[in-house]
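Here is a short briefing on pockets and salt bridges. Keep the structure open beside the text as you read.

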Amino acid sequence: EERGFFFAMPWKQKDLRLNEVQRAPQLARGAQLRVRGASAEEDYTRPPDYLKESELIELMDGHGIGTDASIPTHVQNIVDRRYCQVCGPGDDGSAGKPIPTEQQIYNMRRKDPHARIEMPASRHMVPSGLGLALICGVEKLDKELCEPGVRSFMERQVAQIADGSASQQDVLSQNLDLFKTKFLAFRDNIGQLEPLFRPKARGGGSYR
């Protein structure tokens, strides 16, 4: 059975409103209906747009990652590190037009105070080649680091320190032991990542 893109992007189902149905007409058994016409339409499926910034924040909140104050910082960090770019709505799976940063808008205003700056209706997180290479490499060496469970567990431990149900030293020691093991395994296999970060040559090779 083909599950389509909902299997990988279940949050898109809400936008399509597939569970909303129009009210059926009142019919009685044996009633006759007049056929007013018939038509056949041909169409094709289209890839969904990239993850919205608001959807990313909703997913982070759902997994217990970050707080209302820290989540915007986490999102901005992955943009500043060039793992992804914030763009407007795309078409047929392609990325939309990059949305200017606050600094870029400021520079545009200084150059032309009357410049018209159009802001799109939605903001989408479009991964860069560097971001794709990084996530592919990390997943290859330690898939657990790519899942939300690790960060979510750490957030819960911090909350336990705050409410006094766990000691700071115990949490610190446990996490240092965990990530030291992961670091050593990463270091011993770092050579497997090198091909992913090679400059892309004529459409092949790496993500860059």
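Buried means under 20% relative accessible area, exposed means over 50%, and partly exposed lies in between (1.4 Å probe, protein chains only). Lys182 and Asp142 are both buried. The model is predicted: local features need pLDDT of at least 70, side-chain atom pairs count only at pLDDT 80 or more, and totals for chains, interfaces and linings use all residues. Residues are numbered from 1 along each chain as its sequence is written, and side-chain values use heavy atoms, with hydrogens and water left out.

**Salt bridges**

- A salt bridge is a side-chain nitrogen of Lys or Arg within 4 Å of a carboxyl oxygen of Asp or Glu.
- The count by this rule is five salt bridges.
- Glu53 pairs with Arg123, and their closest N and O atoms are 2.6 Å apart.
- Glu53 sits in helix H2 and Arg123 in the loop between H4 and E2, so this pair ties together parts that are 70 residues apart in sequence.
- Helices (H or I, at least four residues) and strands (E, at least two) are DSSP runs, numbered from the N terminus.
- Glu53 is buried, at 18% relative accessible area, whereas Arg123 is partly exposed at 35%.
- Lys182 and Asp142 form another salt bridge (2.9 Å, N to O).
- Lys182 belongs to helix H7 and Asp142 to the loop between H5 and H6, so the pair links parts that are 40 residues apart in sequence.
- Asp188 meets Arg187 in a salt bridge (3.8 Å, N to O), and Asp188 is exposed, at 57%.

**Largest pocket**

- A pocket is an open set of points on a 1 Å grid over the protein atoms alone, where a 1.4 Å probe fits, with protein on both sides within 12 Å along at least five of seven lines; lining residues have an atom within 4 Å of a point.
- The largest pocket holds about 1,700 Å³ of space, a volume being the space filled by probe spheres set on the points.
- Its lining has 36 residues, and Leu56, Ile78, Ile135, Leu145 and Cys146 lie nearest the centre.
- H5 gives the most to this lining, six residues.

**Second largest pocket**

- The second largest pocket has about 400 Å³ of space.
- Its lining has 17 residues, and among those closest to its centre is Arg123.
- H3 supplies the largest share of this lining, four residues.
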